[in-house]
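Please look at the sequence and structure first.

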Amino acid sequence: MTIDKPSRGVFLLLLATVLYLTLMPSPPHVALDNLPFGDKIEHFLAFGSLTFAARFGFPRMAEWLVLERLSFLGAMIEVVQGSPGLHRDCDWRDWAADTLGVLVALAAVRVLYALFRSRQPRPTLH
């Protein structure tokens, strides 16, 4: 079994959690909310986590597609949060934090892949 099947499950679980927390009218208060820019850190971490799971769960998907789709998801969440019935705020800076989380996670996964490949034994020619 490869890492992609469990990672797809983790991705779907994280996606459902992020959607639930971002679209519920009264989200729970967490410790990060007390920090300066705590809300942006939460967005960054949520979308960074989604990106890690997406890259390992869908390894053949191009990086730019992961960036495009997860950034678009962040933008759409902000649009929905701006609807009057939800009583949430639409903030482009949340979308920017989402996208930055995706970009940083994509770079981190690229570094991890490079480290993993460099530690693989090289075949010897006889």
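Which helix gives the most to the lining of the second largest pocket? The answer is α3, with five residues.

## Basis of the report

The model is predicted, so local features need pLDDT of at least 70 and side-chain atom pairs count only at pLDDT 80 or more, while totals for chains, interfaces and linings use all residues. Residues are numbered from 1 along each chain as its sequence is written, and side-chain values use heavy atoms, with hydrogens and water left out.

Helices are DSSP runs (H or I, at least four residues), numbered from the N terminus.

## Helices α1 and α3

Helix α1 covers residues 4-23 and helix α3 covers residues 63-81. They pack at an angle of about 25°, with their axes 10 Å apart (axes are lines fitted to C-alpha atoms over the stretch in contact, and angles run from 0 to 180 degrees between N-to-C directions). This makes α1 roughly parallel to α3, a term for angles under 35 degrees. The crossing is right-handed (the near helix is turned clockwise from the far one by less than a right angle).

On the α1 side, the contact (heavy atoms within 4.5 Å) is made by F11, L15, V18, L19, T22 and L23. On the α3 side it is made by L70, L73, I77, V80 and Q81. These residues divide into nine nonpolar, two polar and no charged. Here Ala, Val, Leu, Ile, Met, Phe, Trp, Tyr, Cys and Pro count as nonpolar, Asp, Glu, Lys and Arg as charged, and the others, Gly among them, as polar.

## Helices α2 and α3

Helices α2 and α3 pack at an angle of about 145°, with their axes 11 Å apart. Their crossing is right-handed. Residues of α2 in the contact include F47 and L50, and those of α3 include L70 and I77. The contact residues divide into seven nonpolar, three polar and three charged.

## The two pockets

A pocket is an open set of points on a 1 Å grid where a 1.4 Å probe fits, with protein on both sides within 12 Å along at least five of seven lines; lining residues have an atom within 4 Å of a point. The largest pocket has a volume of about 600 Å³. Of its 22 lining residues, the closest to the centre are L21, T22, D39, E42 and R88. Helix α2 gives the largest share of this lining, six residues.

The second largest pocket has a volume of about 160 Å³. Its lining includes F11, F58 and R69, and divides into nine nonpolar, no polar and one charged.

Technical notes: Helices (H or I, at least four residues) and strands (E, at least two) are DSSP runs, numbered from the N terminus. Angles under 35 degrees count as roughly parallel, over 145 as roughly antiparallel, 65 to 115 as roughly perpendicular and the rest as oblique. Grid points are joined across faces, edges and corners, and a volume is the space filled by probe spheres set on the points.
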